[in-house]
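Student: Could you walk me through this model? I have not looked at it before, and I would like to ask things as they come up.
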Amino acid sequence: MWDKKVITSEKALSNKIIIPLVMLPFWFLLYFELEKITDLIVYGILDFDDEKLMTNAIHFFVYEVPKVMMLLVLIVFVVGIVRTYFSPEKTRKILGGKSLIVGNISAGLLGIVTPFCSCSAIPLFIGFVQAGVPLGVTFSFLIAAPMINEVALVLLLGLFGWEIALIYISTGLVIAISSGFVIGKLKLEKFVEGWVYELQQTQIESEETKLSLSNRFDMGFEAVKEIVGKVWIYIVLGIAVGAAIHGYVPENFMAGLMGAEAWWSVPLSVLLGIPMYSNAAGVIPIVQALLEKGASLGTVLAFMMSVIGLSLPETIILRKVLKMPLIFSFVAVVAVGIILVGYIFNFFF
Amino acid sequence: MTVKILGTGCKKCKTLESKVRELVDQNNLNVNVEKVTDIKDMLKYGIMSTPALVIDEKVKSVGVIPNDNQIIEWIKGERI
């Protein structure tokens, strides 16, 4: 049924590969000089007074937008290339015979690198279940894949720094692994719609897709075009709101509302975050500005994870294959995980 | 000959469908273009991501939008 896909290119080392490599040093040069360039533009050329609130906000915007966009292009490009080495079919093969814990860990890690779109959640779910991947392991994948994605990584890295980006990735991974493990232990298989198991077993031996390096670079460019084209407007708007908060909202304004002392702030953030999925790119810059105004790290982290990881549209899509008790267990287990992460960080940091 | 596009309502799926229709018209290829949206029908082909392009019941691409020349080549290739 599957055709052998052999895409060859005449020149292995074409311009497609050389041009990005030549541009890389210039990228770094520009990236690390960006703050000086911004200072020059805002204080030098535009001659803003560096005491005024508006100057603060404008400096923030003029600096953050190109910085985040540069990071976005580079990271989406690199991730796009890395993803060409993975596919749902290969991931399924790897996860097939794995035991529960090892399976959950592998599923979480593979969830980060396997190309995934929430619109394909159903065929992927069925494909996994039919191939004998345990339900809990499948969920570890379905939780990690959207939660740890390149756009979130870029925004965290650009706006919060690498420490918080790393904390986000590792706690996200822990949540995906342990939630999947819990779901596996709860023995919820009976709440998968019956027709999933009744479907004819389709055993396909897919041929290894042979891609040249220049094909892979092409796919990296495609990823940049697609993802940057989709999210840039949210990022610019988000940073604009963030800049306004940065300039005009007084220090410690958020402490009462999203501070560590307000115990209810963590569960409330998680609840608020669930319906906000589509605007994750715009929400993160706003949240970053709030963190500066006294919101606590745990609350902010819980809010982001809920916005990015628990998405209403994906849950609705999954309803086609899962009965309500399983949907609820899935949302509840992940929400509890996120809330725990929020409290742990509020308590220790 | 039938060219099927398997896909739910996602944006990429719609893009691929209109692209294939356009290419078929432009190149006067005498083929039926069909969109398959029913999940159960889609799964018969064993795909795990959408959109998928199926030409004469053979899965040609999964999860990506192939480039124009590739699509034309596939359609012409299957006819011979």
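Student: Among contacts in chain A between residues at least 6 apart in sequence, what share joins residues at least 24 apart?
Tutor: In this predicted model, 88% of those contacts in chain A join residues at least 24 apart.

Student: And which elements is chain A built from, helices or strands?
Tutor: Chain A has 16 helices and zero strands, and 40% of its 349 residues count as buried.

Student: Which residues touch the most other members of the largest nonpolar core?
Tutor: That core has 105 residues, and those touching the most other members are A:Ala144, A:Leu155, A:Leu156, A:Ile284, A:Leu290 and A:Met304. If we set aside neighbours within four places in sequence, A:Met304 is in contact with A:Ile284 and A:Val287. As a general background, nonpolar side chains tend to be buried together in soluble globular proteins.

Student: Changing topic, what is the mean pLDDT of chain A?
Tutor: The mean pLDDT of chain A is 84, with 92% of its residues reaching 70 or more. Among the elements of chain A, helix α8 (residues 162-185) has the highest mean, 93, whereas helix α11 (residues 255-258) has the lowest, 74. Over residues 1-12 of chain A the pLDDT is below 50, although this stretch has 26 contacts in the model beyond near neighbours in sequence. Where pLDDT is low, the predicted coordinates should not be read in detail.

Student: Now chain B, where I see strands: what pairs with β3(B)?
Tutor: Strand β1 (residues 2-6) of chain B runs antiparallel to β3(B) and is joined to it by four bridges, with B:Lys4 having B:Val54 as its bridge partner. Strand β4 (residues 58-62) of chain B also pairs with β3(B) in the antiparallel sense, over four bridges, and there B:Ala52 has B:Val62 as its bridge partner.

Student: Are the faces of β3(B) buried or exposed?
Tutor: Both faces of β3(B) (residues 52-55) are covered, with B:Ala52 and B:Val54 buried on one side and B:Leu53 and B:Ile55 buried on the other. In a regular strand the side chains alternate between the two faces of the sheet.

Student: What is the phi of B:Asp56 and of B:Glu57?
Tutor: The hairpin of β3(B) and β4(B) has two residues between the strands, and B:Asp56 takes a positive phi near 50° there. B:Glu57, which is not a glycine, has a positive phi of about 65°; B:Glu57 counts as exposed because 11 other C-beta atoms lie within 10 Å.

Student: And where is the cis peptide bond?
Tutor: The cis peptide bond joins B:Thr50 and B:Pro51, with omega about -5°, and B:Pro51 lies in the loop between α2 (39-43) and β3 of chain B.

Terms used:
Residues are numbered from 1 along each chain as its sequence is written. Chains are lettered from A and ligands numbered from 1 in the order in which they are written. This is a predicted model: local features need pLDDT of at least 70, side-chain atom pairs count only at pLDDT 80 or more; totals for chains, interfaces and linings use all residues. A nonpolar core is a set of buried Ala, Val, Leu, Ile, Met, Phe, Trp, Tyr and Cys residues joined through C-beta atoms within 7 Å. A residue is buried if 20 or more other C-beta atoms lie within 10 Å of its own, exposed if 12 or fewer, and partly exposed in between; C-beta atoms are placed from the backbone. Two residues are in contact if their C-beta atoms, placed from the backbone, lie within 7 Å. Two strands pair if DSSP finds at least two bridges between them. pLDDT is the predictor's confidence in each residue, from 0 to 100.
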